[in-house]
Amino acid sequence: MKELAALTEEQLAKLQNTRRRVIESIGENMDLYGITLSIGHLYGNMYFNREPVTLDEMSQTMGMSKTSMSTGMRTLHDLKMINKVWGKGSRKDLYEVEPNWHQNFADFFSIKWRKAVEQNMSALNRSMKEIDALKQQYENDLAFLDVLENDTQKIDEALKYYRWLDRLIDSFETGDIYKFIPQED
């Protein structure tokens, strides 16, 4: 933010126009992933800062309340898109953007997908136990057993998918994904 103080009003206006386009794009892009537009704009604004910023600085820059700013920063921090950093002589929390967008992507989707995998596998496994109990209870009812066997096969296929997705998440977390789809230098 300090580097902008040396610019003329014309330079600042032109710079803000070019940045605004990128910030809007980032905000809209993050909206696709379930992050609110305002938090996307917060990240976009922070992305252009050369130095860590405080809640107060970002609140002033964006014209948002300190409470909204705190919520936005917490969301971005929980998603590992920003880091809390230490600043010599500063008593306030400082934040900076995680500049590695590949890592942002990997962290964001790993967090979201891991939660979904765990919830869905838990539900599928619970249903599978119930089906097994029903198979024992109705072992002589061939029509019902046929329906239960069909459901078992479908749940097995879903479990295979979630085990695959779990391995995909692992590859994001370990960085092995980049062996198959390398990052550009």
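Visitor: At roughly what angle do the axes of helix H2 and helix H4 cross?

Guide: Keep in mind that this is a predicted model. The axes of H2 (residues 37-47) and H4 (residues 66-78) come within 10 Å and cross at roughly 75°. Angles of 65 to 115 degrees count as roughly perpendicular, so H2 is roughly perpendicular to H4.

Visitor: Which residues make that contact?

Guide: Look for heavy atoms within 4.5 Å. On the H2 side you'll find Ile-39, Leu-42, Tyr-43 and Met-46, and on the H4 side Met-69, Gly-72, Met-73, Thr-75 and Leu-76. Sort the residues of this contact by type and you get seven nonpolar, two polar and no charged.

Visitor: And how do H2 and H3 cross?

Guide: H3 covers residues 55-62, and its axis comes within 11 Å of the H2 axis, crossing at roughly 110°. That makes H2 roughly perpendicular to H3. This crossing is right-handed. Here Ser-38, His-41, Leu-42, Asn-45 and Met-46 of H2 meet Met-58, Thr-61 and Met-62 of H3. That contact splits into four nonpolar, four polar and no charged residues.

Visitor: Which residues touch the most other members of the largest nonpolar core?

Guide: A core is a set of buried residues joined through their side chains. In the largest one, with 20 residues, Tyr-43, Met-46, Met-73 and Ile-82 touch the most other members. H2 gives the most to this core, four residues.

Visitor: What does Met-73 touch?

Guide: Leaving out residues up to four places away in sequence, Met-73 touches Leu-42, Met-46, Val-53, Thr-54, Leu-55, Met-58, Ile-82 and Tyr-95.

Terms used:
Residues are numbered from 1 along each chain as its sequence is written. This is a predicted model: local features need pLDDT of at least 70, side-chain atom pairs count only at pLDDT 80 or more; totals for chains, interfaces and linings use all residues. Side-chain values use heavy atoms; hydrogens and water are left out. Axes are lines fitted to C-alpha atoms, for helices over the stretch in contact, and angles run from 0 to 180 degrees between N-to-C directions. Helices (H or I, at least four residues) and strands (E, at least two) are DSSP runs, numbered from the N terminus. Angles under 35 degrees count as roughly parallel, over 145 as roughly antiparallel, 65 to 115 as roughly perpendicular and the rest as oblique. Ala, Val, Leu, Ile, Met, Phe, Trp, Tyr, Cys and Pro count as nonpolar, Asp, Glu, Lys and Arg as charged, and the others, Gly among them, as polar. A crossing is left-handed if the near helix is turned anticlockwise from the far one by less than a right angle, and right-handed if clockwise. A nonpolar core is a set of buried Ala, Val, Leu, Ile, Met, Phe, Trp, Tyr and Cys residues joined through side-chain atoms within 4.5 Å. Buried means under 20% relative accessible area, exposed over 50%, partly exposed in between (1.4 Å probe, protein chains only).
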